[in-house]
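The sequence and structure come next.

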Amino acid sequence: MLAIRSVHFDDFIPNWRTQSEVIEYNVLVLVTQGSLTYRIDGREWTGEQGDLIFIPQGTRRAGDNHLSGPHQKYSVLFRCCPDAAASIPFLKEKEFIRFKPRKPQYLQRRFERLYEEMREGEMYRSFVCPGIFQELIGLVARDLEKPEPAPMKTKYAEIIKRYLLDHYREQVEIHELARLIHRSPNYTTAVFREVTGLSPIKYMHQLRISEACSLLLNSDMTVSSIAGYLGYYDTSYFYRIFKKYTSMSPTDFMTRGSGQDAPHLFG
């Protein structure tokens, strides 16, 4: 059984610091922006944007903002019974872990949902929150079990990412990406998904929707103009894609204001 003690969202706290102490609970952290410094059993570690960090119960831990400035992160404090720990290797081993998960955007959305459920006291929270957290623990365990992609695969994925960053507003076809790395379209899609956790097309949509979020909040462009600017020539299709990736319509996003932005949605 996993028992959540508390869930926190540290949003660029100027003087954030945790004193040196032996913690009586486990901590699962996702750094969403900026960097921070942990001292774990006397050794210093830096947590950067996109890092997933596990600090086991019984660890002497201290923390500060990084010299570069404040950071943003989600933290879950929890305990687990021996039976639960026995079935999850990283909980059983009780070692400090810091790594880059394969799907940081999805993990961020799940951390965010867990935080909101805990903070707002929604009905049936006692059922919903354990389910969300069990999913998070399972996804972390799965990531840790998978071997790292081969260096050449990582290189191929970076080539594709750079191209998509430069051309995401255009109509990009898989065969174009395949030519970049001199491989078949099927291999291109598979290797990009293996390294990033996303297909090339899904990654391109995320780039477009991130830009759409910025334009909706910081420009006078209409929704239809933004859709066309980003390569969605059917506005109704843009609405569907926007809602798929943000769980709200462009109009609802604008209504909520600047509290919702692209980094917050996609990590």
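A disulfide is a pair of cysteine sulfur atoms within 2.5 Å. The structure holds 0 disulfides. C129 takes part in none, and the nearest cysteine sulfur, that of C80, lies 18 Å away. The model is predicted: local features need pLDDT of at least 70, side-chain atom pairs count only at pLDDT 80 or more, and totals for chains, interfaces and linings use all residues. Residues are numbered from 1 along each chain as its sequence is written, and side-chain values use heavy atoms, with hydrogens and water left out.

The table gives relative accessible areas, where buried means under 20%, exposed over 50% and partly exposed in between (1.4 Å probe, protein chains only).

| Residue | Relative accessible area | Class |
|---|---|---|
| C129 | 2% | buried |
| C213 | 1% | buried |
| V128 | 32% | partly exposed |

V128 sits in helix α4, residues 125-145; helices (H or I, at least four residues) and strands (E, at least two) are DSSP runs numbered from the N terminus. Together with M123, Y124 and F127, V128 makes a nonpolar surface patch of about 510 Å².

An open, antiparallel sheet has 4 strands in the order β2-β7-β4-β5. Its edge strands, β2 (17-22) and β5 (43-48), each pair on one side only; pairing requires at least two DSSP bridges between two strands. Within the sheet, β4 (residues 35-40) and β7 (residues 60-65) run antiparallel and are joined by 5 bridges. L36 stands opposite N65 in β7.

Definitions and conventions
Patch = residues over 30% accessible without salt bridge, like charges linked within 9 Å, V, L, I, M, F, W, Y side chains within 5 Å. Areas by Shrake-Rupley, 256 points an atom, 1.4 Å probe, with all protein chains shown as cover. Salt bridge = Lys/Arg side-chain N within 4 Å of Asp/Glu carboxyl O.
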